[in-house]
Amino acid sequence: MADDKDVLRDVWFGRIPTCFTLNPDEVTEREAEAYYLLLPRVSYLPVVTDKVKKHFLKVMRAEDVEEMWFEYEGTPLKWHYPIGVLFDLHASNTVLPWNITVHFKNFPDQDLLHCPSNSIVEAHFMSSIKEADALKHKSQVVNDMQKKDHKQLWMGLQNDKFDQFWAMNRKLMEYPTEDGGFRYIPFRIYQTLSDRPFIQKLFRPVSPDCNAHTLGDLLKEMYPDALTNDGERKRYQVLIHGIEPLLETPLQWLSEHLSHPDNFLHICVVPVPTD
Amino acid sequence: MPVSLLWAVDVYGRVYSLSTVGQQWEHCRKAHLEFKRVTAAQQCCWGIACDNSIYLNVHASDLPVRYQEDTYENQRWNPVDGFSERLLPSDRWQWSDITGLQHQPMASFQLPSSSWEWEGDWFVDENLDGEPTEKEGWTYAMDFPATYTKDKKWNSCVRRRRWLRYRRYKDMDTWAKIPSQQTALPDPFSDISCGGWEISEEPRGRLSLWAVSLQGKVWFREDISHHNPEGSSWVEVPPPGEVVQISCGPGDLVWAVLWEGHLIVREGISRDCPRGTSWAGVESPSPEVATIHVAVGVNVVWAVTKDNKVWFRRGVNSHNPCGSGWINMVGEMIMINVGLNDQVWAISFEDRLVYFRQGVTSSELSGKTWKAISVPRDGERSHSSASANSQHSAGCFFSGEVRVPSVVSDAELDLEHPPGDVAISSVTFPGLDSFVDAPTNSSSQPCVKPSIPKVTSDSFISELVSDRKPAKTSGGVESASPAVLEEVVLDEGEADVLSSNSTVTITGSGGPSDPQWSNVDLEEAQIQYGQTGAVADSVDSCSLSSLATYSLAMEDQYGVDEHPLWAWVSGGGCSVDSHSQLNWFSYSLNTLSVSPAQTAAWRKQIFEQLSERSKREMDNFRHYEQAIEQSVWVKKGAMQWWRDWKPHKWMDVHFALEQFSGAEGHKDGILFIYYNYYEEKKYLHAFINEVTILVPVLNDSKHTFAIYTPERTKQRWPIRVAAGTELEMHDWLALLSVSCCDSRGIHGSPSKQAIWSITCKGDIFVSEPSSALEAMPYPTPCDQMFWRQVGGHLRLVECNSLGIVWGIGFDHTAWVHTGGYGGGFSQGLASSTDNIYTQTDVKSVYIYENQRWNPVTGYTNRGLPTDRYMWSDASGLRECTKTGTKPPSPQWTWVSDWAVDYSVSGGTDREGWQYAADFPASYHGFKTIKDFVRRRRWARKCKLTTTGPWREIPPIPLSDVTILPCAAQSSVDTVPVWAISNKGDVLCRLGVTLLTPAGTSWLHVGTDQPFKSISVGAASQVWGVARDGSAFYRGSVSGPNPAGDCWYHIPSPAKQKLKQVSVGRTSVYTVDENGNIWYRQGVTPSYPQGSSWEHISNNVRKVSVGPLDQVWIIADKVQGSHSLSCGTVCHRLGVQPMEPKGQSWDYGIGGGWDHITVRGNSMEPPRICLPSMTEPLPRAAHTPPPAAP
């Protein structure tokens, strides 16, 4: 039987084939060709799009270039969400590759945060890890780490080094066996059809009567609409890393194995495609 | 952790046990009687039944309780009859013991009790110190007493032979009554407690059993041991007052409670004097309130006072058995019990549940919280064996449990009964004896007020009774029969008295009891009642069980919600500690214990979807560019390095690992050590794909590890580096071992062919053999073998080519490999997530106390200036004091205190001293006139907890194990596995298959003496080495007859005592105690015993012969170009079918290796035909032979 560790590798090495095209409104010196790339699901757009930027800058004049941003079918893509979450949320059930439009003008300040450098991404990533550990271990693990350990986590993600990342990340995934899990599960539930960015509340992995909470338990409490009632047609898909785990999957296991590198379990609730 | 049992008795006298892996109380159906109290050890459980006799339940084990009786037949030669039984008048008896002083005819041997049976008839012993004698077994001498030889000489005037007979204890797993040989025992027992098994390991299974009689006397049971589980007799140990309860810990703590509520402590308990010498007094925890119960462990004492408060005694240890002070603990209990590892169980006053004290560790002996054990009993409702008899005994049980401090109010109650009642009761219930005594006692003790709250089950009943009044008004008593009503009225009288008392006195939670709980009990009682039928009669004689009578009226108004009411618990046999995963508490149903079957669905779904996802999102887009380019990754750190040149010392270096993707997609890397040499920057490097092994070398001062390459192995000089912290070292080791494995493409579990080895530190290494390893004539040099570490800690490991791997720890625990890998330091990615379990091991650290004799003061610790340290290691060169000696490495923690070790070879005197003429010399266990120095060994146990792919095989501790080696393709259903227990019993494992590598049970194979080594060959030929150093061959071992039928005695090589044996396909090799390795000549299928021993080499510590008859050894000393290594893996070269002895040795990894097994490697080497075989073997030439001894 496959080992649970294989899940970690599959999650880490998940890739989305992406086609980047330049926004036709951009002023170019000559026609820009599309650029094809395999994007790591667990990474962030600014981290992995150096090549894209380089590619399109070749056809543009420097004075026409402002901050680069991405858009998919009219929706500006938030760089601070993991790439896999953006894809599952906006583009799941569409034909691959994923067509992303690249902009160098008209930065949508009301929708997106500015990201002048990767150190901003790093800061965001580390603050997510710290927040997650605050939920999981009252920050005890992350505070026990040294600066270089934090760096190792980030470098592992930035350079796509699975071993390097997990050598450190496993410490964040430990818990005392007698507790049966983390203190709280760090999770975020995203919905397409809502103004709220995401749902994030306190939720324990184990119920007061000592049963393990499942994905279903979490949704029932946080987002009951996502569940399909008896006799109803299924309205929503619950996606984590592009797959639909069974609702009886224990939440603790999910948190240990299907969390993003930022240690959050990102759950996307998207409408079932109508066709 | 082996499966062990917690024992408990409920208020009806039914005995239950709860397994550490179980989730329900199992009713001990074999107890046809009801019990008052039980006290458990790991191997047995003692109890007092309601007939006041003591019963013993010896747990069935694969190891029988078997006792060897022997007697000697003596004869003298005379010219007329030759040797005859006619002896001289001055001679010994014709049948005698070994000394000749004791007359011992065969008929004088009787079975000690009805629990024993003879195994067979008498037979002659034909083995004289490892030498076989003539058929008749006679040994000859000039005269008694003298040295006997097996050969008859011209001057042999006397002869003798030894007869043997075995008897066996047969009453396993049943409650066998201990016969009361002494009719003089004045009164029945009321309390019992066993312990003391840690005082001495000799004789095996020794126990101390203490008992208290109803008159308050204390008794000690003599001579309980494995071979004599029942003990021999009771000896009175007079206490300073009347004792009501006693508790004996696993070590030398014995405390008892006096009638007045004070405590007494037994002092002077030692190995030589398990009964102790004197009593010391300890005040009750609080001056006004008497103690009613005490429980002791190794280093703890807990007590319960009459107000149900729980107390913990500070500062108790074997030097200060009285401790220093009491601490009041949370909780209200009626009794408390301390089991193994000082774990604590108690029965709560409020709900009568058994509670476990959580968080008891050696550093926090008082634990953290009480946690109720909430598991159901087997057949919770369906089972009810209650009979009229049990009604009686239930009552009996209650009265038996009355503790004397509450006597006054009891006495008052009893006065309300008709005298006749009391009389009857006192016959039936010995507990009432004390009631009769009570008034006089109470008058002499005015301080005992009648209003003292009661803590016994009596008070428990009375509270129920007092509670009953509201229940009665609301409930339907009208339906009760007249007889019952009468009883009820009587009870109401009691109830009035009691409730008036209790209003004043019952404190806190002891107030009006929780109605639900009383309901429960009534209901429980009713079940019994319903089955009983004839009620009224039994009720009359059983006034105290009036509770049951009343309950008849309660009909069915109470639900199913019954819970057990416990009266007594004993954890003396229950092996748990604060790390144990117990399924006893209600929260245990979380993910951790969900079985694979239950999880299969969701996990499968995730695996399937993930692979679908990669198909969907990646398969068609492989030509796309990766967003992140792979690059070289460097990890750097500061370390210390044991520099290669003299003078050797640690120097600060920078340590770096550069990793990159090598050819064929394998990751590869280079290790750099940057150092300064005379202000010049230099570096040393090693290619990761050339590293053959990483060996952690933890000691108490440095966290170091050694890195070997083939070149370094030849030099016997590894790269040794030290990390700043243990954690850093583990991080580096984990990283380096992952990159080493990556560079060689080795992943996952060890293969079935793997070669396993173990270092003297207990670290386990495994190497994947190539088919060229046994090739002829150019095998892979064994310094090129790559070894990776597997988690866990073992002393020896054995395997075969089916992938069955067994190990034995330093503490003799048997382990079976789960098929996983990793564990230990390589957590996370280099480790399988399933199949990794906690593993513990215990070993002893020894130091020596040295003394020299001088004419004035005798032996003192003031030696001569040239002498060794007063406290030293075995060599005497290094000072090792009790306080200064640390555990071997930070992984180990002390688990005991220093104690004199009496089990030193050569024997000791009563205080553990060994004497010699001078240091260093050979020591003996008695003082002679020529001895001027003496020493004794002190031992302290330390424990290591780690993880690894190993599962324990309880319960028998082993010292050796062997698994049948077989060809790779062979299909064997059940695999023969033999073992030696740590006491020398030969055992044959049944039910070992690929699916159940741990097997099912042991079959004991009788021997006339203990064994120390065993090996089974590919054709089921079983060889063993006995304690006297001779070898034995087991005849007729086959599939249907796995244990064979008899032993053939094979004398050892002249003047040598064999130590270890290994049997391959056909070859038989042994190693003797002087380090010689011997090959057995002349072994043929028709004559499997062979004909003679042929010497092969010296300086050998251990041998392993594999299924190809390949021979590997651990050599004691091997000289390399740079250094010398002890404990080196060596491979015999030139072994061929026609030349099974081989030609020379090839030297592999070394420096502290202790064990190797090649019995899994059945990979036939590729057959190469070379024209000439005359050229010298490449490897054999340039390494020198083992150094001479």
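## Chain B at a glance

A residue is called buried when its relative accessible area is under 20%, exposed when over 50%, and partly exposed in between, using a 1.4 Å probe and protein chains only. By that rule, 56% of the 1189 residues of chain B count as buried. This is a predicted model, in which local features need pLDDT of at least 70 and side-chain atom pairs count only at pLDDT 80 or more, while totals for chains, interfaces and linings use all residues. Residues are numbered from 1 along each chain as its sequence is written, chains are lettered from A and ligands numbered from 1 in the order in which they are written, and side-chain values use heavy atoms, with hydrogens and water left out.

The secondary structure of chain B comes to 13 helices and 71 strands; helices (H or I, at least four residues) and strands (E, at least two) are DSSP runs numbered from the N terminus. Contact here means heavy atoms within 4.5 Å. Take the contacts in chain B between residues at least 6 apart in sequence: 60% of them join residues at least 24 apart.

## Where chain A meets chain B

Now to the interface. On chain A, 60 residues are in contact with 42 residues of chain B. The two chains bury about 4,600 Å² between them, with carbon and sulfur atoms giving 58% of this area. Buried area is the accessible area (1.4 Å probe) that two parts lose on being put together, summed over both.

Between the chains there are 11 residue pairs in polar contact, both residues being at pLDDT 80 or more. A polar contact is a pair of N or O atoms within 3.5 Å; within protein, one must be able to donate a hydrogen and the other to accept it, and residues adjacent in sequence count only if both atoms are side-chain atoms. Elements giving two or more residues to the side of chain A that touches chain B include α1 (4–12), β1 (15–22) and α8 (162–172) of chain A. The largest share, 7 residues, comes from α8(A). By class, this side of chain A has 31 nonpolar, 12 polar and 17 charged residues. Ala, Val, Leu, Ile, Met, Phe, Trp, Tyr, Cys and Pro count as nonpolar, Asp, Glu, Lys and Arg as charged, and the others, Gly among them, as polar.

A salt bridge is a side-chain nitrogen of Lys or Arg within 4 Å of a carboxyl oxygen of Asp or Glu, and the count between the two chains is 3.

B:E625 is also the bridge partner of A:L37. The strands concerned, β2(A) and β33 (residues 625–626) of chain B, pair in the parallel sense over 2 bridges. Two strands pair if DSSP finds at least two bridges between them.

## Inside chain B

Strand β67 (residues 1100–1105) of chain B has 5 of its 6 residues buried, so it is largely enclosed by the rest of the structure. β67(B) pairs with β68 (residues 1111–1119) of chain B in the antiparallel sense over 5 bridges, and B:V1103 has B:I1113 as its bridge partner. The hairpin of these strands has 5 residues between them, where B:D1109 takes a positive phi near 65 degrees.

B:S801 lies in the loop between β44 (796–799) and β45 (805–808) of chain B. At 3% relative accessibility, B:S801 counts as buried, and its side chain reaches the backbone oxygen of B:C966 at 2.4 Å.
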